[in-house]
Structure formats: structure tokens, C-alpha cells
Amino acid sequence: MNYQYHSMRASQKTDYLIVGLYAILVAIGIFCIFMVEYNPDINIFQSFIQGNTNYSKQLYFAGLCTIVATFILLSDSKIFTAFANLFYAFGILLMLATFVIGDNINGSKSWIRLGGGFNLQPAELCKIFTALALAKFLSRQETDFTKIRSQIIGALIALSPAVLSVAQSETGLALVYLSFFIVMYREGLPATILIIGFSFAALVVATLLLEPNVLALILTVIALIFIYILRKQIKKQTKILTFIILIWAACVGIQKFAVPYIFNNVLKCYQSTRIYSMIGKDYDCSKNKHANVNPAKPIKKPDDYNVRQSKIAIGSGGLLGKGVLKGTQTRGKYVPEQHTDFIFTSLGEAFGFVGSFIFLMIYLLLLFRIVRIAERQRSAFSRVYAYSVVSILFFHIAVNICMTIGLFPIIGIPLPLVSYGGSSLLTFTVLIFILLKLDADRQMVLR
Amino acid sequence: MSVYHHNKKRVIQTMFVIVFIIIIGQLINLQIFSTKYRIMADNNAIYRKVIYPDRGIIYDRKKRAILENTIMFDLMVIPADAKNTDKVELCKLLNIDTTEYRKRIVTAIIKNTSVKSSVFEPLLSPELYAKLNENIYKFPGFMLQERSIRSYPYNTAAAILGYIGEVDTGFLRRHRADGYEMGDYTGLNGLERTYEKVLMGQRGIKRFIRDNRGRLQGSFENGDFDTTAIAGRNLYTSIDIEVQQLAEKLLQNKIGSAVAINPKTGSVIAMATSPSYNPNSLTGSSRRKNFGKLLLDTARPLLNRAIKGQYPPGSTFKPLGGLVALDEGIITPSYGFNCMGAYVNCGKPVRCTHAGGGHASDLRKAIAYSCNSYFVHVFRMAVDNPAFANPQQGYLKWKEYMNTFGLGVPLGIDLPGEVKASIPDTSRYNKDFGGFARWKSCNILTLGIGQDRMTATPLQLANLMCIIANRGYYYTPHLVDSIENETIDDTVYMAKYRVKHDVTHIADSTYRIIQDGMEDVTIFGTAARLTVPGHKYCAKTGTAQNPHGKNHAVFTAFAPKDNPRIAVSVVVENSGYGGTWAGPVATLLMEKYLNDTLTEASEKRAEEFSKIDLIPAAIKQWYYRKDSIRIAREREKEKEMEQRHDLDADTTENIKTTFDPEAEPNKKEDNNKNNNENKIIKQTPMLNNSNNKKKKKDTTLP
């Protein structure tokens, strides 16, 4: 760690590439919402002014976000470090308060009504606070993240809001907090934990795809191959054999008992159905503990309307797309929630593969730029925070787009800066502009 | 440490890239390699609306539209989209209950799957249409479809013009290549059926963008892919609608038929059948009800007796008997027969109205006095012609003549369902008389006076008049003279009506003698009381015996004598003398056609005649019975009709009704078809089917 201690002169250089990318994405977002909501009978100019439509609302949100961003850039970056823990505590309190004063909107009790038609989702805001708190914790002088204790505390900071989110039936938002593991990996969390996590995920998917007995057989074969390869070492150390057998037993146990248990007892019927439908299988809801099984009622077909229509919209775009306002899926409102979670479909339909590709490249550029910014930070706080931002962004982008193209089950995660929604836009704006502020002040010593 | 961190940065970046590559890979798969999504999107969003062109209009000979179009609406349903519809309110509007609603939805699904549109309520009344149109947004899955409906401005000529009806699965199977879809209409009878392809035109398709609820958002690609509907072509018929109306009026309260043909061209001027019905009753929303009623009517108003009724021609056959003998060279016009009041050469006498006095001393007189003996004898001479080895050969020759005259064969008029009537084959007689060739001319002698097993349709009788009027040729009778914008493809319809059929090789002077004989009929014979003001006309009456009660009145005529422009045949069932009950119809029709109007006296006569009720008592009793039970059994009957509504008129014979010998004494049990011993029989009360066993008494009145 060769930190160079420069003078206190604060570079006020804001990273304008990110500001530019931010603006482009917000503009694309408003344009996409406009394509979704376009009605030839309504005067476009008028509807933008009047604010009756979602695209005009999003425009107002963008205006609000500009003001907030300006305030952040004009503020003192020290407040973010100073108040990080306080913010976090406030966020957790807000989430707890939701259980008492929250309202049920769209089936999840995770919103607080602010009045005037605006609602606040504390879980959304908590992303910022968690990122700050994690950065604060990891940047402490006394934190040694190679130690298990620190790792557990870090994980607790990251996952507490997630647990509360699950309790509020916002599984999608809860999953976002998993992205903090990327940050923790960067800060010293052993890769094995991530690998085990991924392996577990792969095992779950394999369990869904394959017959239990076939998978058990495959796992056995893999174990035998390992034993064969490592037979010389095993002769020296019988421990290895025990280890392999233990892993094999664990895997089989997971795929045979743990996964069905999770699907039938932990997840709700509709969640299991969605995950199964993603891989093209029917989930038998009668096995689900949560389902109030009515034997007389026939089991419904897999609930894949959303993803089917979404795939049709994107797929029908072809190479160059159908053109602006010419998408039949969009015009016909075939894709549900197209202005929020499925906003990518309008883009994919109108501009085809070429447009989608360019759009993805803008995102990738943003991610890489933030990684670069993260790596150039002198303070651990800024770096951890930057990685938090990039991880959250990445997770949102990856999951949202994967879900629209049928690679991931449908969980309500918005596309950053593009999806309609004031809470979401404000959260990402604040996340990014705090980062920009920290980056602008990177020459200052922040601890 | 720095390198280690650098590696971690790379790992994270690699992770980003890998995930983006996976996403892009899937995008390539979806957007570039899969073509199905484009099709699926089109299926989602593009709504194909079939545009029905106007059907062709049918005109009469004076270019008056006798069958045209008006607009009505059908309520269509796509069952899959109708799940969220406000059932209760819709039922209230349509005045049905929810059970009926469910029944219709199930029917629609069975007929046409749940994703395609089917007719839910056809042909809405204007008030109902207005109400539904206002509220249709409340009923997703339901839509109103404009439908051009046929209208008959003269309320007449139902049997000729025919009607259209919804196609059924059987029709679709038979006409797979013609592009019909469920819910389409097609001509089911009459000219509507024969000229279906001309009248239907070409359907167009409009494409619309439709949203997730099936609401139309506008046209697709500005209508670049739309095809326009091409209206059906018009038909110009030879019908004179006024003559037709008169014919139908005169046949009111009677059962029978009248056919008038222009002998020069074979064009049908009028073709009436009675009882008939108002063709407009089969177009609107009450079609179902009315059709059921017509179908069950024992007097069979849906039967076009002009081409499907088979009657013994009786004495009207006699001029033809003479023609055959003349053409074969058996007799000359001066051939005479000494009739003393009956023909006795074959044992059992055949009575004749006249006795002695040389009333059959030559052909002309024999025709004028309608001598039974003369024509029985001439017939026997034809059968026993020494040029042939045996009577069977002679009979076959005679039958061949009949066929060339258009008897015993369908003429080929442009109406569906024409029957050939009957000129029996030798095999028939072999069977009757218990073995091959065990019969001679004596056994079948009444064929010579148009009785025995011989039957003819009124159309065939009118055609015979054409041959005599034309002195030896005819054109196949037809209703349609020309098709609008006729092309080479239309020869399939029109060519056969432009071929002249020469049938005899007899000198005009000989024909003149037959015509003279027929003119004598109108001067001092059986039609002496009937006149066509301003014209000389030729006629032959017939009073045909039949096993169904009173004699059928038959009358055939043509006028004017020297330049015939109209040939007529009239049959009035179970009425009596031909000259009394069929003659006035024929002469009034000729007068109307030739003079374009009726004299005041004729007008009065027509009025009186139309009021005369000649419907057999059995049928009246049937009506009476039906009326009295109707009130008590209103509901049951409606159900019954619904089940039967889709049966075609031609299948009437298959309708099974309970036989009531008191009400319908003319009915016979047809054991060939109904071997089951319950009391279910075919309903064929009014017609001469060939069930009449060997007749006991074959006498014909003049």
C-alpha cells in the first residue's frame, strides 16, 4: 500500500464521461417510456407539459434528480463518510417502520406513502446507505477483511436490509444486496466462498433441469473421476477421499432434498412456478406448502405470459428493429409492466439487435468507467463505495435484461436509470453522484 | 498486494464481460436466428378482418332489382377473449339467460375453436344493434360485424331466387379450395346457389393493429397489405316480376305450380310454386324460427314444385303422342280412329268423353276433342311398331323420344335440385308384370294418355309447349339470360343455354295441324271459355288422375299462335278439371305477359280466382291441429325447431314426424326406408311418388 500523500488541494474535476453516460441513459429511458405510452391521438408536446403520462412524470423526476445531483456535487464529501453509519441506521429504522406504517402497493408491503401521490420504498434508498456503511466499515483502520469476524460483520451489514426486504415480500430487491459480495470479494473475501455460492446456484439449476436420479448419477460419476485422478494423493492422504465423499454427499443431499424443500416450503407457489417456467417446466403447485391446494381445480399452466410476450417483442425486432413507434408488441401493450421492469423490450423491438447492442455497450462502458474510477481512489472508503455502486448497477442490469430475454426468472428489478420510477431513478442518481463527488475529491484524504 | 488487487479487478471486469456476452448471445439467438418471434408478434398484433363484398344483384327482364342487399350486423365472439366479459349485462341486452350464454359459447368453441371468432347472435335487429354498439366496449371478446343481407323488394319468387345461409362443416369440407370460412354465408338454394361463385364476388382482407385486449389501433402498414373486396356480379334474368307476382297470386290457397317460358330463347318468364313463402322471412333475425316453421309445414312450401313436383301430364301429353307417331312415320296427320266412347281393344275399356261422330277422324280433331282412344291406339302402334322385334324394343324407342323431348331427364335449368320425373324403363315393367318381357302394349296403354307411371314436372310440360310452339326445337330453359361483365369463364354457366336442340324431323305443315288442333281446344274444346284478349292461342288441358285424392288440374298452352312468345304450363293439385282450375292461371299469365297488363274483366277474374281455396282438407286439418297444439306446446316446439334449423330444405324427406292417419290420410308408410316398426314415417303427402302400384282404373277426363 503505497499511498501518496499529496497536498490537500481538492481536485474539483468531476468525471464528465459518467455524467454524460448518465444523461444519455436517462434520456433513453424517457424516450423508451414515451414509445411505450405513445398515443397518436394525444398531442405529444401537451402531454409532456401536463404530466399526465409516465414519460412526462419521468421527465419531472429527471429534473428533480438534476437538482439533487447538483446539491450532492456542491456538498462536502466528508458528510458521506461522517454520516455513513447514521444513514444506515436511519435506513434500517425506516425499513422497520414500513412494517408499521407501510402500505401495500403491488402486493408488497414495502412502501411508505409520502402524500401527493408519491411513495417511498425504503429498501430502494437503503442500497445507498448500505453501500456507504459497508464502505465505512471496510475502510476502518482496524478492519482486517481477511479475518472471518470482519467478513461476517460485512455480510451482516450487506444482508440485514435484504432480510427485511424478504420479510416485506420484495424478493427481487433483496437479491440486489447479494451484489455486495462482489465488493467484498474485491476487498479480500476468499474467492472460494463465491465459487461455492455459484456452485450451489449451478447445482440448483441442474436440479431443476435434470431428473433427480440422473443428476445423482452424474454427480457420482464426477466424484469417481476425481477419485481416479487423485488416486495417488489419496494413497498418501486418505483425508482427501473423505473430503470428496463428503462433497459428493452434500451435493446429492442438496439436489435430492434441500432444493425440493426450498421450492416447496420456502418459496411461494408463484415464485417456484416462475423459476420453473424459465427453464420451460411446469411446477406442480399442489406440492407447495403455501399453496392452498384445491384438488378440484386444475393446475394452471406455467405463468410465462410475461416472459413470452417479452421475448416476442425483443425477438420480433430482428437485426435493425421495426423502427420508432412501429413496434406492434409495444403499441399493442402486449408486454406487461413495459414502462418499468420490461422497458428493455421496447428498445429491443424498435431498434433490434443493433440498437440493443449499442445500448448494452453504453452500460458496459459505464460499468468499466466506474471500475476504473474505483481503482484510482486513494481512500478505501471511496473505492469500496465505487465497487458497491458498480456491483449494484451490474446486478440490476444483468438480472433485468436476463429476465426480459428469458434467462432469469421474473423478479421485479428495474433497469437502472431507464425504467420508469421516481424512487429507482433518484436512488441511482444519488448513488452515482455521491461516487462522482467522492471521485472529484479523491485527492483529499478521506477516512 | 497491488497485483493481487489488480487481478481481482480483472476478475470482476471479466465477470461483467462474460455476463454481457451471454446476454448478447441470447439477443443474437432471439433477434437474428429466431424467425418465429416475428410471426408470433404478427399473430398477436395483426387482426385480419375479412371484408365481405356485396353479393351480386339479380334483375328481372326489365332491369328491376328483384334481389338486392341491405346491411345488418352479426354479434361475433372470440370465446378465449370473452372470459372477462360482463355476462349478465350482455344476457340482459340479448334477452337470454346465462345458461344459453354458456351453451352458445361452448357451441362456438366446438365450431370454430376458442381463439377464432364465431357468430354469437346473428343478424341483430336495428334496436339491438344500437344498444350493443354503444356498450360493446364492456364486452371484451365480442364484436359487431357488418353483414350484407339479402333483401327481396318484391317479396316474391322465393323458390327461384333461393336464399343464403351460414356454411356448415360439411359444406366447408366439400368446398375446401374455395376459401370459405366458418360463419360465411353461401347460397343454399335457387339462383343464389347455382350462381354462388358469380354472386359472391371476392372477399377482401384488411389488416389492423390490435392491442392486448383485441382493440383495434389503426390499420397495419397504412393498409399496404390489404386486398380490396370485389363485389359480386349481377345477374340479368328473364323473369318478369309482374307476371311472377301474378302467378303467385293466382296460385294462392292452392297447391301447384305454374311455369312460363319464352319458347324462342328458353328463358323462363315466371316460375311459381305454391304454397310459397315471403323470401324476406329467411333473411333477418327470425330466419331460424321461420325456417323451422317452413320446414315442418306439411304442404312443403320450401319445395319448388315447378322443378321438383312430379305429376302425370294426363291429356296434355296427347299432342306429343301424336308427334312421336308422326316422326316415326306410323301415322299421317289424316290418320283417323273410330272412337265409340271407349277404347276396348285391350279388354278393359278406356273411357272417352266423346262417342262417335267422327270426333277422332284425323289428328287435329283427335287433339281438339282430346280423344283417349285415338292416342291410346297411336301409342300402341308406336310400341308395336313392326320395325322392331318386340314391344319392348318399340317401347324403348318411344322412351328415347320422350327423353329427347325432355321428359324423364332433367332439363338442366339453372336451379339446383331439378328432378327428372319419370318415364319408366322396361325393367320397371318387367318387374311389375312378373318377369322379362311378359308385357305388351296393352298392359301399358294409358301411357299414351299421359298416365300410368309417366310423370313430368311443370317445367318439362312447359318445355314441351315450347317444342310445339317452335315446331321442333327448344332451348334449355333457364332463368339467367346474362351475367354482368361476362367472361370466357362464364361459359360454364351460359353456354348450354345457347344451344338449340332440334328434336323432331317433322314438316312445319304437320306441326301446324297439331297447333290447329290445340287452337281448336281454345275455340270449342275444353278451354273454350278461356281467352287471351287480342291473341290467338293454343292449349291443351289435362285432368290427371292420381292416387292422392282429387284429380290434378293440368293446363299447357302457348301464345300467340303464329308467333309464339310465351309457353305456359300450370298444375293445380287435387282440384279437378284442367280447364277450370289450371286454365285461368295460364291464360291470365299469357295475357299479362303479351299485353303487359290485364283487362278490367281479367283483373276481376284474377282477383276472384286467387281467393278460391283448393287446399286439400287433409292439409287444412293439419294446419288446424298445429294451431291448436301450438299454444300449449310453444316452448317445446321452439326447442325442436332449433335442432332442426340447420337442415336443408332438400332433406325434408328425412324429417321424421309421427304419423297420424286421421290427419294425413294420403301418407303411406315407406317400408323400404323405415324398417323399424315404430310409427315414424317419411313425410311425403302431396306428391306423386312412384309408389302407386299398378293402377286399377286408368281413365282420363278431357
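Analyst: Helices (H or I, at least four residues) and strands (E, at least two) are DSSP runs, numbered from the N terminus. This is a predicted model, where local features need pLDDT of at least 70, side-chain atom pairs count only at pLDDT 80 or more, and totals for chains, interfaces and linings use all residues. Residues are numbered from 1 along each chain as its sequence is written, while chains are lettered from A and ligands numbered from 1 in the order in which they are written.

Start with the backbone of chain B. Most residues other than glycine have a negative phi, and most peptide bonds are trans. Now go to Pro560(B). Its loop lies between strand S19 (552-559) and strand S20 (566-572) of chain B. Here Ala559(B) and Pro560(B) are joined by a cis peptide bond, with omega about -15°.

Next comes phi. Lys63(B) is not a glycine, yet its phi is positive, about 60°. You will find Lys63(B) in the loop between strand S2 (58-59) and strand S3 (65-77) of chain B. A residue is buried if 20 or more other C-beta atoms, placed from the backbone, lie within 10 Å of its own, exposed if 12 or fewer, and partly exposed in between. Lys63(B) counts as exposed because it has 8 C-beta neighbours inside 10 Å.

Ser370(B) also has a positive phi without being a glycine; the value is near 50°. Its loop falls between helix H14 (363-368) and helix H15 (372-383) of chain B. Ser370(B) is buried, because 31 other C-beta atoms lie within 10 Å.

Ala368(B) has 23 other C-beta atoms within 10 Å, so it is buried. Which residues does it touch? Setting aside residues up to four places away in sequence, Ala368(B) touches Gly517(B), Asp520(B), Val521(B) and Gly525(B). Here a contact means C-beta atoms, placed from the backbone, within 7 Å. Ala368(B) and Ile523(B) are 155 residues apart in sequence, but 9.1 Å apart in space, C-alpha to C-alpha.

Now the helix packing in chain B. The axes of helix H10 (residues 241-250) and helix H22 (residues 600-611) of chain B come within 8 Å and cross at roughly 45°. Axes are lines fitted to C-alpha atoms, for helices over the stretch in contact, with angles from 0 to 180 degrees between N-to-C directions. Because of that angle, H10(B) is oblique to H22(B). Angles under 35 degrees count as roughly parallel, over 145 as roughly antiparallel, 65 to 115 as roughly perpendicular and the rest as oblique. H10(B) brings Leu246(B), Lys249(B) and Leu250(B) to the contact, and H22(B) brings Ala606(B), Phe609(B) and Ser610(B). By class, this contact has four nonpolar residues, one polar and one charged. Ala, Val, Leu, Ile, Met, Phe, Trp, Tyr, Cys and Pro count as nonpolar, Asp, Glu, Lys and Arg as charged, and the others, Gly among them, as polar.

Chain B also meets chain A. There, 28 residues of chain B are in contact with 35 residues of chain A. Helix H1 (2-33), helix H2 (36-45) and strand S8 (204-210) of chain B each supply at least two residues of that side of chain B. H1(B) gives the largest share, 15 residues. The chain B side divides into 16 nonpolar, seven polar and five charged residues.

Cross over to chain A. Its secondary structure comes to 18 helices and three strands. Of its 447 residues, 44% are buried. Helix H1 (residues 16-37) and helix H3 (residues 54-74) of chain A have axes that come within 8 Å and cross at roughly 165°. That angle makes H1(A) roughly antiparallel to H3(A). From H1(A), the contact includes Val26(A), Gly29(A) and Ile30(A); from H3(A), it includes Asn54(A), Tyr55(A) and Gln58(A). The classes are seven nonpolar, three polar and one charged. Among the buried residues of H3(A) are Tyr55(A), Phe61(A), Cys65(A) and Ile72(A). Their cover includes H1, helix H2 (44-50) and helix H18 (422-440) of chain A.

Methods: Contact = placed C-beta atoms within 7 Å.
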